[in-house]
Amino acid sequence: MTRRVLVIALSLLVFGCTAPSPAPVDAKPEIAEQNKKFSAAVTAKDPAAIAALYAEDAVLMPPNAAAVRGRAAIQAYWQAFLDSGVTNGTLTSSDVSNTDTDAIEAGTWVIRAPDGTVAENGKYMVWWKKSANGWHFYRDIFNSDRPVAPPAK
């Protein structure tokens, strides 16, 4: 009987006295700030600033291309992208949910040509990772809302 009471008391102590974990701090404001930095870096044609927003081991998954792995390769990708004549890029977040160290974001993007017209637009999803230096793109995938061109005959 004494042993049974001891087991019940220990069970209550271990399982019944734990406080619920506090909710993680909302990452939306920090991610919105990172997205503003991304847009500013596109406008400034600064691929190094864009790449700095990515984790060292990030993976960028652009449409119709192989995955781009690592910050240096991601910088080279964005350099080629900016060299194509893009003058402005805007990310608009529609949904963010997060834990203390990970966040998932969905949204839309628009890029503009030098004359200000919309060159391309689409949607994206980002898996963000938080480190001591803040939130960084960890897995970034995007695609176009434009129809695929029919194959050449």
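1. Ala, Val, Leu, Ile, Met, Phe, Trp, Tyr, Cys and Pro count here as nonpolar, Asp, Glu, Lys and Arg as charged, and the others, Gly among them, as polar. By this division, the lining of the largest pocket holds 15 nonpolar, two polar and two charged residues.

2. The model is predicted: local features need pLDDT of at least 70 and side-chain atom pairs count only at pLDDT 80 or more, while totals for chains, interfaces and linings use all residues. Residues are numbered from 1 along each chain as its sequence is written, and side-chain values use heavy atoms, with hydrogens and water left out.

3. The largest pocket contains about 330 Å³ of space (a pocket is an open set of points on a 1 Å grid over the protein atoms alone, where a 1.4 Å probe fits, with protein on both sides within 12 Å along at least five of seven lines; lining residues have an atom within 4 Å of a point). Its lining comprises 19 residues, and W78, F81, W109, I111 and F142 lie nearest the centre. Two or more lining residues come from each of α2 (28-43), α4 (71-83), β3 (88-98), β4 (102-112), β5 and β6 (134-144). Strand β5 gives the largest share, four residues (helices, H or I, of at least four residues and strands, E, of at least two are DSSP runs, numbered from the N terminus).

4. M125 belongs to strand β5 (residues 118-131), and I104 to strand β4. M125 is partly exposed because its relative accessibility is 43%; I104, at 38%, is also partly exposed (buried means under 20% relative accessible area, exposed over 50%, partly exposed in between; 1.4 Å probe, protein chains only).

Technical notes
Points joined across faces, edges and corners; volume = space filled by probe spheres on them.
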